[in-house]
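Subject: Handover of a structure and notes on it

Dear colleague,

I am passing on to you the structure shown here. Please look through it first; my notes come after it.

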Amino acid sequence: MTEAAKPPFKSRLAAMLLWLALKFIGRTCSIRSFKGKERMEGLEKNDQPVLLCYWHNRIFFFAYFVEKALIRKGFKLTMMSSLSKDGEIGAILGKKCGALVVRGSSSRQGSKGLRSLYRATAKENSSIVILPDGSQGPVYEAKMGVVVLSQLTGCPILPMSYSVDRYWAIKSWDRMIIPKPFAKVSIEIGKPTAVQRDARDEEMESERVRIQNSLNELRDSTDAAAKVNP
Amino acid sequence: MSDRNEEVLNVISKLAGAEAASLKPETELVADLGIDSPKALQLLVELEDELGVEISDEEAAKMETVGDVLAFYEGK
């Protein structure tokens with residue numbers, strides 16, 4: 001499940017610096033609004049795994065938030081990290097956050113990575129976090145992996161997003177958002193839905209589009225909430 | 001054709017949306033049938049569920065054609 005080989009020193013150093021930044025920024029940020037909070041409550045006590053689902057560029061604060069709100073309370077979570085060097089750093093960070101990490105991506109050895117996520121959920125009863133426009137985009141376009149995982153496991157997809165009033169926008173394919181210290185965060189958790197096991201191809205495509213639209217609506221809603229002055 | 005081969009072909013054909021009769025041993029899963037990563041996961045889970053034989057990642061990686069899938073089950 002986890003990678004046995006020790007990552008190179010550069011990756012470990014970069015992950016450590018990111019971890020420190022994540023902790024510092026996360027602790028100084030405050031939650032301005034949290035819509036759909038009740039949908040996250042008690043997840044760690046629930047036997048039914050869920051598929052936490054958010055856009056790739058929302059990964060920074062959610063890494064801090066999910067660790068604090070769920071993993072620390074015993075929530076079992078598995079994530080996939082790409083086979084690239086960035087993915088290696090992400091894998092180290094994920095483990096530091098207490099998540100189980102599988103390596104793979106949609107572009108290289110994707111089915112092996114997806115299969116590991118499937119096994120984590122179906123056989124080990126672990127929830128998973130999935131970034132449906134990762135690992136290489138296009139940004140805000142959901143791929144089919146999350147739909148298939150829900151279909152095969154019966155687990156509900158929990159769409160979520162956040163925005164902040166002050167942030168750095170990184171010029172990467174995903175337009176990564178890094179909250180500035182002491183930023184105010186607006187979070188929203190969408191309605192959970194599961195994909196039927198017997199869904200046909202056209203229904204699977206409808207689900208994919210529905211998840212994409214749901215995540216984009218949550219993005220727009222939290223963007224608007226973050227800009228409101230209290 | 002054995003019952004098992006027929007079951008395998010039915011699973012592949014259902015997933016790929018192709019007639020079972022049109023599937024040849026040399027038919028490539030990715031290039032000819034468009035089986036991408038999510039479809040590959042569906043295929044492996046369906047095959048395991050239908051035929052009750054677990055497929056390791058290493059064995060799955062070797063399955064490039066319909067013939068490879070059939071050969072895997074013939075070896076079991």
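The notes below take up the sheet, the helices, the contact between the chains and some backbone features in turn. Please bear in mind that this is a predicted model.

The sheet of chain A

Chain A holds an open sheet of seven strands, in the order E1-E9-E6-E2-E5-E3-E4, with mixed pairing. Strand E1 (30-35) and strand E4 (100-103) of chain A are at the edges, and each has a single partner strand, so one side of each has no neighbour in the sheet. From one strand to the next, the twist averages 25°.

Several pairings can be followed strand by strand. Strand E3 (residues 77-81) of chain A runs parallel to E4(A), and four bridges join the two. Within E4(A), A:Val102 is the residue that stands opposite A:Met80. E3(A) is also joined to E5(A), again in parallel, by three bridges; here A:Met79 has A:Val129 of E5(A) as its bridge partner. E2(A) pairs with E5(A) in the parallel sense over three bridges, and A:Leu51 has its bridge partner in A:Ile128 of E5(A).

Is E5(A) covered on one face or on both? Both faces are covered: A:Ser127 and A:Val129 are buried on one side, and A:Ile128 and A:Ile130 are buried on the other.

Helices of chain A

Helix H5 (residues 145-153) of chain A is mostly covered, with nine of its nine residues buried. Among these buried residues are A:Gly145, A:Val148, A:Leu149, A:Ser150, A:Leu152 and A:Thr153. Just after H5(A) comes A:Gly154, which takes a positive phi of about 75°.

H5(A) also meets H6(A): their axes come within 9 Å and cross at roughly 120°. The two helices are therefore oblique to each other, and H5(A) passes H6(A) in a right-handed crossing. On the side of H5(A) the contact is made by A:Val146, A:Val147 and A:Gln151, and on the side of H6(A) by A:Met204, A:Glu207, A:Arg208 and A:Ile211. Sorted by class, this contact of H5(A) with H6(A) has four nonpolar, one polar and two charged residues.

A helix pair in chain B

In chain B, helix H1 (residues 3-16) packs with helix H4 (residues 66-74) at an angle of about 140°, and their axes are 10 Å apart. H1(B) and H4(B) are therefore oblique to each other. The crossing in which H1(B) passes H4(B) is right-handed. H1(B) contributes B:Arg4, B:Asn5, B:Val8 and B:Ile12 to the contact, while H4(B) contributes B:Val66, B:Val69, B:Leu70 and B:Tyr73. The classes in this contact of H1(B) with H4(B) are six nonpolar, one polar and one charged residues.

Where the chains meet

How many residues of chain A are in contact with chain B? Twelve residues of chain A are in contact with nine residues of chain B. On the side of chain A that touches chain B, the elements that give two or more residues are helix H4 (110-122) and H5 of chain A. H4(A) supplies the largest share of that side, six residues. By class, the residues on that side of chain A are five nonpolar, four polar and three charged.

Backbone features in the loops of chain A

A cis peptide bond, with omega about 5°, joins A:Gly137 and A:Pro138. A:Pro138 is found in the loop between strand E5 (127-130) and H5 of chain A.

Two residues other than glycine have a positive phi. A:Asn125 has a positive phi of about 55° although it is not a glycine, and its place is in the loop between H4 and E5 of chain A. A:Asn125 counts as exposed because it has 12 C-beta neighbours inside 10 Å. A:Phe182, also not a glycine, has a positive phi near 65°; this residue is in the loop between strand E8 (177-179) and E9 of chain A. With 12 other C-beta atoms within 10 Å, A:Phe182 is exposed.

With kind regards

Terms used. Residues numbered from 1 in each chain as written. Chains lettered and ligands numbered in written order. Predicted model: local features only at pLDDT ≥ 70, side-chain atom pairs only at ≥ 80, totals over all residues. Buried ≥ 20, exposed ≤ 12 C-beta atoms within 10 Å, placed from the backbone. Axes fitted to C-alpha atoms, helices over the stretch in contact; angles between N-to-C directions. Parallel < 35°, antiparallel > 145°, perpendicular 65-115°, else oblique. Left-handed = near helix turned anticlockwise from the far one by under 90°. Contact = placed C-beta atoms within 7 Å. Nonpolar A, V, L, I, M, F, W, Y, C, P; charged D, E, K, R; others polar. Pairing = 2+ DSSP bridges.
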